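Morning, everyone. Please have the model open on your screens. I'll go site by site.

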Amino acid sequence: MNSATQITPMTPHSHAPEMGELTPYQTGPALTKATLTQMGVALEWQDGQQTTLPLRWLRDHCACEECRHPQTRERLYLPLEAIDKPPSVSLLEGHLYLQWQDDHLSAFHGGWLYQRRPEALRPSALPTIKAWEDNFTPKRVRHSDFLTPEGEKAWLTAMLQDGLALITDGPLAEEEVSRLAERIGPLRATNFGARFDVRSKPNPNNAAYTAVGLPLHIDLPNWRQPPDIQLLYCLQNGASGGESLFADGARVVDALRQQAPDALTILSETPIDFRFQDETHDIATRAPVVSLDAAGHLVEIRMNNWIRDALHIPVEQMDAWYSAYALLWKLFHSEAHQLEFTLLPGQMVAFDNRRVLHGRREFDPNSGARHLQGTYLDRDMLASRLRVLARDQ
Ligand code: OGA
Ligand code: ZN
Ligand code: ZN
C-alpha cells in the first residue's frame, strides 16, 4: 500500500451519512481521528476507543445507493477485488469520508462505525439464555398488557431468557392463540396443521389427543427442524387432572454434566432415530437426544419417548445408551426440576420447544371438558419483534 497518499479534505456535507440501517446508530461518542495506516484506516472516538478497519472492509460496507439498495437496504457491492490503491481519507463533523481511486465516494456515520468496530460486542437487543434456578417462577403478562409494546417486550424477553412465559386474563375466544401468535410472526405449520386442538378425540393419531398423562417431551423431534416455540392457549380446563408440567433442558443438562458426564457424552454423541407415522405421513430423522455446541452449551434437546423409533446403534453401545437415557429421564422427572401448575381458561403458556420439555398429568374426560388450542412460531420471529421494538427506545 502506498502510505504517501495525501489526505485531501472534501466538501463538507451538511447532513450526516445515511447508513441504510434501521437500528439507531446516531448516538454515541464522536469520531475524532481517522488516519490512513499500513493496516487500513485507524479510527479513534471521543471516549478513547480505537480500531483499524482494513480498506477492503470499508469498501465492502459503503452505504451509497450503488453499494446498498436504497429501498431494501440490502448489499449490492460484491467484494471480490483487492484494493491496491488507498483512498483519500477525511473526517468531517465526526463522519468518515473515503474517496477511492476510481472516484467512488463512501461516507460512514461515526456512530455506525463505533457500533461495528470489531473490538465491540456485536450490537444485540436480545437477552441471553438463563437456566432456571430453584425458585424459578415464570413471567406472567396480562393479555391486555401484551397488546402494548412494553408488555410484549417483557413477554419476548422472558421467552428468550427463560424459555417459558405466561399470558393471563385473556378472552375465552376460539383462535385467540392464532391472533396472539400472528402479532409475532407467521404460524409454523406441521403435519398437525398450523393450529391444533388438544382435547381427547376419537381415533387419535397422537398421544396428546387422548386423556392419558404425557411425560415430559418436546413436540416433533422427528423433524429435522422441530418447531422452536410452542403456544398453548387454554379455553376449557374443567376436567379433574390435566395439570401442566415443564422442565428446563438447560438446567437438567447441566445437572447431568455434574452427576454423570459420561452419560451426557453418550447422549450427545449418539444419533438415534425418531419417527411418526399415520395414514398420510412418515416423518423421520436421526439426531442425538442432546445437542451441545463447541463450548458444551445446550443447542437443543430431543426427548419424546413415544416417537422414538427402533434403536439402531452398534450393539455394544446399547446398554450404555439406555443407562444414560434413564439417568436423563429421571433427572427431568425429579420433583426438583419440575414446574407444575394448572392452566386456567384464558391463560396461554408459551415455551421454547427445543429447550423446555412439557407434559401433562392424566385427566378424566368424564369429569369435565379440557380444551387447549396450540400453534408454533419460529424463534427468529420472537428475536425480530424484540429488535423492532428496541428501535424506539
Ligand atoms: C401436546 C401436549 C399438553 C397438554 O399437545 O403436544 O403436550 O397439556 N399437550 O395437553
Ligand atoms: Zn458505494
Ligand atoms: Zn406436546
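Start with H217. An N or O atom of its side chain sits 3.1 Å from an oxygen atom of ligand 1. That is a polar contact, meaning a pair of N or O atoms within 3.5 Å; within protein, one must be able to donate a hydrogen and the other to accept it, and residues adjacent in sequence count only if both atoms are side-chain atoms. D219 reaches ligand 1 too: one of its polar side-chain atoms is 3.0 Å from an oxygen atom there. For R360, the corresponding distance to an oxygen atom of ligand 1 is 2.8 Å.

How much of ligand 1 does the protein bury? Alone, ligand 1 exposes 290 Å², and the protein buries 95% of that. Accessible areas come from the Shrake-Rupley method with a 1.4 Å probe; for residues, only the protein chains shown count as cover.

A word on the source. This is a predicted model, where local features need pLDDT of at least 70 and side-chain atom pairs count only at pLDDT 80 or more, while totals for chains, interfaces and linings use all residues. Residues are numbered from 1 along each chain as its sequence is written, chains are lettered from A and ligands numbered from 1 in the order written, and side-chain values use heavy atoms, with hydrogens and water left out.

Back to ligand 1. Around it are V198, A208, L214, H217, D219, H358, R360, R370 and L372. Each has a heavy atom within 4 Å of the ligand. Four of these shell residues are nonpolar, two polar and three charged. Here Ala, Val, Leu, Ile, Met, Phe, Trp, Tyr, Cys and Pro count as nonpolar, Asp, Glu, Lys and Arg as charged, and the others, Gly among them, as polar.

Now the zinc ion called ligand 3. Which residues are its protein donors? They are H217 (NE2), D219 (OD) and H358 (NE2), at 2.0 to 2.1 Å. Donors are N, O and S atoms within 2.8 Å of the metal (3.2 Å for Na, K and Ca); water is not among the atoms, so sites may look incomplete. Along the chain, the spacing reads H-x1-D-x138-H. H217 and D219 are both buried. Buried means under 20% relative accessible area, exposed over 50%, partly exposed in between (1.4 Å probe, protein chains only).

Next, the zinc ion called ligand 2. C62 (SG), C64 (SG), C67 (SG) and H104 (NE2) coordinate this ion at 2.1 to 2.3 Å. Their spacing is C-x1-C-x2-C-x36-H. Why is the arrangement tetrahedral? Because the angles between the four donor atoms run from 103 to 114 degrees. The rule for four donors is that all angles lie between 85 and 135 degrees. The ideal tetrahedral angle is 109.5 degrees. C62 counts as buried because its relative accessibility is 1%. C67, at 3%, counts as buried as well.

Most residues other than glycine have a negative phi. L220 is not a glycine, yet its phi is positive, about 60 degrees. L220 lies in the loop between β10 and β11, and counts as buried at 6% relative accessibility. D169 also has a positive phi, near 60 degrees. D169 is in the loop between β8 (164–168) and α5 (176–184). Helices (H or I, at least four residues) and strands (E, at least two) are DSSP runs, numbered from the N terminus.

Last stop, N237. This residue lies in strand β11, residues 229–237. A polar atom of its side chain is 2.9 Å from the backbone oxygen of L343. Is N237 buried or exposed? Buried, with a relative accessible area of 14%.

Methods. Tetrahedral: all angles 85-135°; square planar, octahedral: opposite > 155°, others 65-115°.
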